[in-house]
Protein chains: 2
Amino acid sequence: MSSLFGLQENELPKVEKQIKKFIHNYISNEQLKESMLYSVNAGGKRLRPLLVLATVHDFEQELSLSSYQIASALEMVHTYSLIHDDLPAMDDDDLRRGNPTNHMVFGEGLAILAGDALLTGAFELITRTETTSKKKNQLLQLLASAAGPSGMVAGQVEDIQSEQVRLSFAELANLHQKKTGALIRFAVVSGGILTEQSDVVLAQLSEFADHLGLAFQIRDDLLDELATTKQLGKKTQKDNIAGKNTYPALLGIEEAKLALEEQLRQARNALEEITNENFTPRLLQEVIKLFELERGSE
Amino acid sequence: MSSLFGLQENELPKVEKQIKKFIHNYISNEQLKESMLYSVNAGGKRLRPLLVLATVHDFEQELSLSSYQIASALEMVHTYSLIHDDLPAMDDDDLRRGNPTNHMVFGEGLAILAGDALLTGAFELITRTETTSKKKNQLLQLLASAAGPSGMVAGQVEDIQSEQVRLSFAELANLHQKKTGALIRFAVVSGGILTEQSDVVLAQLSEFADHLGLAFQIRDDLLDELATTKQLGKKTQKDNIAGKNTYPALLGIEEAKLALEEQLRQARNALEEITNENFTPRLLQEVIKLFELERGSE
């Protein structure tokens, strides 16, 4: 394929197809299936699967079945995290991307279980991926570590704990590195594992992903600050009202914009430093452009 | 070791040690750690780890590090399921084993996250188990399948759906085969995988575990019906009040007792039919005795 647009148009639907295939093949309870599919189908730009596919593509110029499967598992983990984060006991969100959140439609009990099911199902999907046991174990360990109590779950706990507490820039960045950064890092590094990169290259990919993840969060905060409810389809300035820590609140809007540019610059540099001569980061460079502020909402 | 009592006294503490080691090594957030350890330490008889160890022992007369690790991961998954099941949106229990449930102590948000963390951590622990990648992948797939949307999570959904609906014996048994039976089956079959049994023997172990799992649930229902709040340390007759389906409610107490005996008889038969001449089911036979009604509460 020739462009990120091509990837989004032609390849992401294959990821969605894999998720739906898994849900249809392995789940017999209709209501559970419906609740899981509701959130899977709620859309979003599929950033994490896009990163898996773009990374694999930039190394090998083609995509294997295992790439789609790993991308699918990752999107299932991301979807689980959104369902649980939206619960009344957590962020208490009624809307996501303009639609009622899972628990508003299916009730809290089923929403918790749909999240549990997507998380567990993601691990099952990886065990069924078309690749070697060794590679599957490496991917499973990395995903569990990224999503679990030393990664995303820890970030969500810290996010709850830090409401009404003013964090420093470094503390906020550290929180986001767990809460949203860990899965973004998995997305990029899993692309490196799938294409059998050296540990050195995996570390370079990880460095790139960390800058990208931080940029993602700064941009998200800025959009929340700048946009209106109607444009984003979710409550805005909610973060502010809840006394949450955001980059614009911490740095001011202009400084936050500069911090975003700085992270994108460092992400570009990190890509240039990757020491594999077959690596042509065309699609990943396009991903970086997606993160520029003027490109509209993620 | 010579007896099930020896296993309980000397080997189960090693399983608990593995869980705590994992939590201490991989989790930096203190409150999350505290919430996870609270439920891990809340006790219970550790039936599932006991089954893993007893099965491995009956095939090989000794226990490997991987046996303790798999037993630990399984107990973490079981603990996660209890935390989520106790939530207000699910069974809404304030007490478990005489102590306040996780969300009563730490709040609903942290309880949901502690459950998520235990589930994800269990998968990570298996990826770090001392065995081959192939065996780890087999165990991960089996556990995800047992715990996930075709197993335990589906059972919990059906349990919620069937409140105020009168199920038949077969329907109730089917629900329990998912809700509690799936993890019990994993416990026994994982012992077979760890000791490299043939597919035929794994199927025979699965048959044994299914009878044991059903016996476990019938016995649990009977105890709930017969015991007082003080003896069990949790609300009793609660199932009845909520209009839940139980074996005593469905069959009457005497018939339920007979059904329990019948399942234990079939479990004994299944053990005798296992076609591996190195298999001496001494400890598993002792486990069956634990399930007889007069042996006190599980």
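**Group meeting: side-chain contacts in a predicted model**

Let me start with residues 250-277 of chain A, where the end C-alpha atoms lie 41 Å apart and the span is 79% helix and 0% strand. UniProt, in an unreviewed entry, lists residues 250-277 of chain A as "coiled-coil region". Please keep in mind, everyone, that this is a predicted model.

Now to the charged pairs. How many salt bridges are there over all chains? The count comes to 26. I have picked a few to walk through.

The opening example is A:Lys33 with A:Glu30, whose side chains meet in a salt bridge at 3.6 Å, N to O. Why are these two separated by about one helical turn? Because they sit three residues apart in helix H2 of chain A, which covers residues 30-40. Is A:Lys33 buried or exposed? A:Lys33 has 11% relative accessibility, so with the cut-off for buried at under 20% it counts as buried. A:Glu30, on the other hand, comes out at 54% and counts as exposed.

Next, please find A:Lys135. This residue forms a salt bridge with A:Glu196, and the closest N and O atoms are 2.9 Å apart. Here the pair links distant parts of the chain, 61 residues apart. A:Lys135 belongs to helix H7 of chain A (residues 133-147), while A:Glu196 is in the loop between helix H9 (169-194) and helix H10 (199-226). As for accessibility, A:Lys135 is buried with a relative accessible area of 12%, and A:Glu196 is exposed with 61%.

Over to chain B, then. B:Glu262 and B:Arg265 form a salt bridge, with 2.9 Å between the closest N and O atoms. Both are in helix H14 of chain B (residues 253-272), and being three residues apart there puts about one helical turn between them. Are they buried, exposed or partly exposed? B:Glu262 is partly exposed at 30% relative accessibility, and B:Arg265 is also partly exposed, with a relative accessible area of 41%. Back in chain A, there is a network too: salt bridges that share partners join A:Glu16, A:Arg46 and A:Glu75.

That brings me to the rings. The structure holds 11 aromatic pairs over all chains. One of them is A:Phe169 with A:Tyr247, at 5.6 Å centre to centre and 65° between the planes. Why is this pair edge-to-face? Because its planes are 65° apart, and over 60 degrees counts as edge-to-face.

Where do the two rings come from? A:Phe169 lies in helix H9 of chain A and A:Tyr247 in helix H13 (residues 247-251), so the pair ties together parts that are 78 residues apart in sequence. A:Phe169 is partly exposed at 32% relative accessibility, whereas A:Tyr247 is buried at 0%.

Chain B has its own version to look at. B:Phe169 and B:Tyr247 form an edge-to-face pair, again with 5.6 Å between centres and 65° between planes. In chain B, B:Phe169 lies in helix H9 (residues 169-194) and B:Tyr247 in helix H13 (residues 247-251), so this pair also ties together parts that are 78 residues apart in sequence. B:Phe169 is partly exposed, with a relative accessible area of 31%, and B:Tyr247 counts as buried at 0% relative accessibility.

Methods:
Residues are numbered from 1 along each chain as its sequence is written. Chains are lettered from A and ligands numbered from 1 in the order in which they are written. This is a predicted model: local features need pLDDT of at least 70, side-chain atom pairs count only at pLDDT 80 or more; totals for chains, interfaces and linings use all residues. Side-chain values use heavy atoms; hydrogens and water are left out. A salt bridge is a side-chain nitrogen of Lys or Arg within 4 Å of a carboxyl oxygen of Asp or Glu. Helices (H or I, at least four residues) and strands (E, at least two) are DSSP runs, numbered from the N terminus. Buried means under 20% relative accessible area, exposed over 50%, partly exposed in between (1.4 Å probe, protein chains only). Rings of Phe, Tyr and Trp (its six-membered ring) pair if their centres lie within 6.5 Å; planes under 30 degrees apart count as stacked, over 60 as edge-to-face and the rest as tilted. UniProt positions are given in the numbering used here, feature names are shortened, and annotations may be inferred rather than shown by experiment.
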